[in-house]
Amino acid sequence: MKASAFSYARATSVANALELLGAHGDRAKVLSGGQSLMPAMNLRLISPELIVDIGELAELRGIAVSGDVLSIGALTRHVDLQRSPDISAHAPLLTEAVAHVAHPAIRNRGTLGGSLAHADPASELPACMVALNATVVVRGSRGERRIAAVDFFKGIYETGLSADELLISVELPVARKGSAHFFHEFARRHGDYAIAGLAAQAIRDGGLFTDLRLAFFAVGDRPVLARAASGLIGVPITPAVLSDAAAALGRELDPQEDQQASAPMRRHLARVLMRRCVAALLGRLDLDAGERT
Amino acid sequence: MTAPVPISLDVNGERVDANVLPRLNLADFLREHLQLTGTHVGCEHGVCGACTVRVNGDIVRSCLMLAVQAHGASVQTIEGLSDSGEVADLQAAFRDRNALQCGYCTPGMLMAAQDLLKQQAEPDREQIREHLSGNYCRCTGYQAIIDAVETTARLRAGRQP
């Protein structure tokens, strides 16, 4: 189908975009890369009255490292993330994850900010932001707010952004010594939305985790930072310890059921991902002996 | 603001000025305003890849881009790539390998395949599959398409197919 009629404004600056959003509220929609918004409009799932196109705002583009903070502008495209030496040096989880997002022609248009503001619970980048403990920077007429990624995502397509605010950038702590990451997703075909996925960031010291952030996606109404990971921090990982953590993960998750998978299947896949992740991060293939629960 | 918006862009090397409604997507603009009907419209929500064109050198879905967003851009369609001879060998390989039947997906396939071959001189079959994974073909079962792209890559590298 075709999108229904709407008015169009090409924002000339962030201030101009905020004025437009302030004047039109939730009757307006922000257009960045359009790779989620355009399908929704073409399918008539949404019919905004006004499209505010922020695509020309160069100030929202770019990747910069300053001290121990990696800052990524909202308009940075997936392909820019994929090719950036700064990203692969300081947030290699993102480099790996982006390859799983859709297909080249989509990654050439889709933006980081668009993906985060859209907040599809099955999408990769929101989970990466949670795993990487990112701060989401948003700006409105009353000024700037900084929101921890784990608090930014509120539900299916729901975030902490108000209708009159714009997502400006994200800030990530650069990878520290002993950092390691893991990314894997189960999907019917490469490029499809995940049935279950895991983005993980860890800090290892010897054979132990001193930090472990497991952000599961497509198993809830938003990316889920698993509390069960706490059982794996600071203790020697034995098969029994890992089994306990996997069981706790299963109790903690409340996955949705759809035509792709039942809730128990998603819970099972999440436990499989946890085992694989821990085994891979510690280089202990003995720990990935299969799901026994 | 629902009124037509003036845009000017470069399409296959020619400057185009037009007034378009905001809701018009780039695929329909190319097909209906410029009669460049080689760009096909399949699913209209970014899944099938039939509408793939180049914008500022990158392949994109023209059904997921508004014509107004192409203001100031350089757009290349399958007509442009075909007329310039850029994909002549790829087209020949598609013919030789029977890599098309109905032909609906072919312009998008050629766009995506040429994009890969520009980035990577000799991709393996897995890399070809990965790069074409966003382009659906309901006729060929894909094997012949992969064959054609692989053959073209080898010939361009100066090797026997």
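Domain bounds come from an automatic or database domain assignment. On that basis, chain B is divided into domain 1 (5-81) and domain 2 (87-156). The model is predicted: local features need pLDDT of at least 70, side-chain atom pairs count only at pLDDT 80 or more, and totals for chains, interfaces and linings use all residues. Residues are numbered from 1 along each chain as its sequence is written, while chains are lettered from A and ligands numbered from 1 in the order in which they are written.

The centres of domain 1 and domain 2 of chain B, taken over C-alpha atoms, are separated by 22 Å. Contact is assigned where the C-beta atoms of two residues, placed from the backbone, lie within 7 Å. By this criterion, 13 residues of domain 1 of chain B touch 13 residues of domain 2 of chain B. On the domain 1 side, strand 3 (52-55) and helix 2 (78-83) of chain B are the elements that give two or more residues. Helices (H or I, at least four residues) and strands (E, at least two) are DSSP runs, numbered from the N terminus. Strand 3 of chain B gives the most to this side, with 3 residues. The class make-up of the domain 1 side is 7 nonpolar, 5 polar and 1 charged residues. Here Ala, Val, Leu, Ile, Met, Phe, Trp, Tyr, Cys and Pro count as nonpolar, Asp, Glu, Lys and Arg as charged, and the others, Gly among them, as polar.

The contact between the chains takes 25 residues from chain B and 28 residues from chain A. On the chain B side, strand 4 (58-61), helix 4 (106-119) and helix 5 (125-131) each give two or more residues. The largest share, 4 residues, comes from strand 4 of chain B. This side has 10 nonpolar, 9 polar and 6 charged residues.

Helix 4 of chain B also packs within its own chain. Its axis comes within 11 Å of that of helix 6 (residues 143-156) of chain B, and the two cross at roughly 40°. Axes are lines fitted to C-alpha atoms, for helices over the stretch in contact, and angles run from 0 to 180 degrees between N-to-C directions. Met109(B), Ala113(B) and Leu117(B) of helix 4 meet Ile145(B), Val149(B), Thr152(B), Ala153(B) and Arg156(B) of helix 6. These residues divide into 6 nonpolar, 1 polar and 1 charged.

Helix 3 (residues 88-96) of chain B crosses helix 4 of chain B at roughly 125°, with the axes coming within 11 Å. Leu90(B), Gln91(B) and Phe94(B) of helix 3 meet Thr106(B), Leu110(B), Ala113(B) and Gln114(B) of helix 4. This contact has 4 nonpolar, 3 polar and no charged residues.
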